[in-house]
Every structure is written in structure tokens, then in C-alpha cells.
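Open the model in your viewer and keep the selection tool handy. We will go through it stop by stop.

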Amino acid sequence: MFVLKDVCFSADGNSILKRITLSIKHGEIFVIMGLSGAGKSTILRLLNGLIRPDSGQILVDGTDISRASEKELRVIRRKVGMVFQSAALFDSLTVAENVGFAWRKDKISKKEMAEKVKEALALVGLADVEDKMPAELSGGMKKRVGLARAIAMRPQAILYDEPTSGLDPMTSNTILTLIKDLNQRLQVTSVVVTHDLAGAFKIADRVALLHEGEIVFVGTAAEMEQATIPLVKRFLTGGQAEQGGY
Ligand SMILES: Nc1ncnc2c1ncn2[C@@H]1O[C@H](COP(=O)(O)OP(=O)(O)OP(=O)(O)O)[C@@H](O)[C@H]1O
Ligand SMILES: [Mg+2]
């Protein structure tokens, strides 16, 4: 679904991603871990064309988006839904308006829109919240609404930036289960950025560890636990000792 070849990205003269080469398969749950500032969110932004690489190729379903026009990128963004860190809902819009945001310029009837919104909300386990404002929702509900907004377009892939940050362990667990459930039910490819090691291992088909803009490991959770690479071992022990701390 996604192929990155020698992708470099820099900002303000700082090299943020250094020759990233990575392939994410159709239908898998691919988790990206790494310390704060490693470049995880930057990878997600590259994958749905919010930013462009300085060099290298990014193929989304076979299309090289590093050179795509704005028009082509709009098509890609419909294929690749993004769930932003902190849900990023529009505070002045209702839940329904938030979920249906991507259709605001489309010619679809109010009734059809309401049905699509309701269906997306049902998929994340929410009902009768259409008219609420984001401020009236709990953190976990906001994350669900953010998720509903991403799946409403029926994307082929969903990118999640720290979907469980700021949630209590039980709510985190339900969100992770939901990610896994949606991955299967909608048959999407899921790319999840998280600091939550236990959660990552629970849902991931494969895990990548990013360190200072470079991929230092890609493999299954079991392979990661067996890895002898010093950076991986340090991340695993440090991650457990300071879970949720850094
Ligand atoms: N547009 C930008 N302009 C300048 N610096 C940027 C830009 N985008 C990212 N950076 C820098 O790139 C580095 C990686 O940022 P990124 O947000 O990808 O990290 P991250 O791994 O998601 O971190 P966190 O776990 O804290 O969310 C950081 O040092 C950040 O300050
Ligand atoms: Mg980030």
C-alpha cells in the first residue's frame, strides 16, 4: 500500500528523516515507535501528502505522490484517512459536521450525509451524539469522533497519530481494540504511531523503530523482543521503565 524509497525530509536546515526505505503491505497494522522528536508524525504527514519529501519516492497504491499535483493529492487524501493526535476536531462544529467535513463541498443531500455520518459513528461505537459539540465529549469519545471522521470517506488506509495518548488504560485498550476491529471489518491498511509499547505489541502485525530520523528495526513484535540491536534493546527496556513518561 505504501512504499518509501530513500526518503529524505528536512526543515529549517535540520535533517529530520534520513533516507527512509520502508514498505507497508495492504491490510496490515504497521506500528511506528520511537522517542519524541524521532520523526514519526513527519512520516504520517508524508504518507498522505500533507508535506513533500526533499528527495526519494513515496508510492501510495502505486502512485508516486512525491511528484503528484495538488489535484492528484486530493484523490490520495481520500484514500488515506488521518486521525490526528488530540483528535483535532473543529470546536465550533457539531459532531455530525465534524464527521461529514470532507463532504462539505460535495453535492450530496442532507439525508444521505446524515446516513453516512450515522454509519461512521456506529462503526466506532457511538450513537446519538450527532448534535453534540466537541467540548461536551470525553477524551475517549473525541478520539472516536476523530476516527469516525477518518473512516467516513471509506479510505483504503488509516493513519493514526498517537491514538491513545492522554487516555486512561481502559479507554486506551478499547481504542486499540477498535483499531484492530476496523482494520479487519473495513479491510484497510493501518499505520499507527504510538508510545505505548504494550498496546503496539498487542495490535501490530509489524513494528518499526525510528531513531533520529532513521529506521533501526522493522519486524514482528516477537522479532523485536528477540532483537540484539542495542538501540532496540535500549528502547524496549527504557520504554518499559518509563512507559508513558517520555
Ligand atoms: N515543519 C517543521 N519545521 C521545523 N521542524 C520540524 C517540522 N516538522 C517537524 N520538525 C522537527 O522534526 C523533528 C521530528 O518531528 P516529529 O513531529 O515527526 O516527531 P515525533 O516522532 O512525531 O515526536 P513526538 O513523539 O513528540 O510526537 C522534531 O525535532 C521537530 O521539531
Ligand atoms: Mg508526533
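Start with the sheet: four strands make an open sheet in the order β2-β1-β4-β5, with antiparallel pairing. Two strands pair if DSSP finds at least two bridges between them; strands (E, at least two residues) and helices (H or I, at least four) are DSSP runs, numbered from the N terminus. At the edges sit β2 (14–24) and β5 (63–64), each pairing on one side only. This is a predicted model, in which local features need pLDDT of at least 70, side-chain atom pairs count only at pLDDT 80 or more, and totals for chains, interfaces and linings use all residues. Residues are numbered from 1 along each chain as its sequence is written, while chains are lettered from A and ligands numbered from 1 in the order in which they are written.

Next, select β1 (residues 2–11), which pairs with β2 over seven antiparallel bridges. Click Phe2 and look for its bridge partner in β2, Ile24.

Finally, jump to Leu176 in helix α6 (residues 169–185). Is Leu176 buried or exposed? Leu176 counts as buried because it has 23 C-beta neighbours inside 10 Å; the cut-offs are 20 or more for buried, 12 or fewer for exposed, and partly exposed in between. Then select Glu212: its C-alpha atom is 26 Å from that of Leu176.
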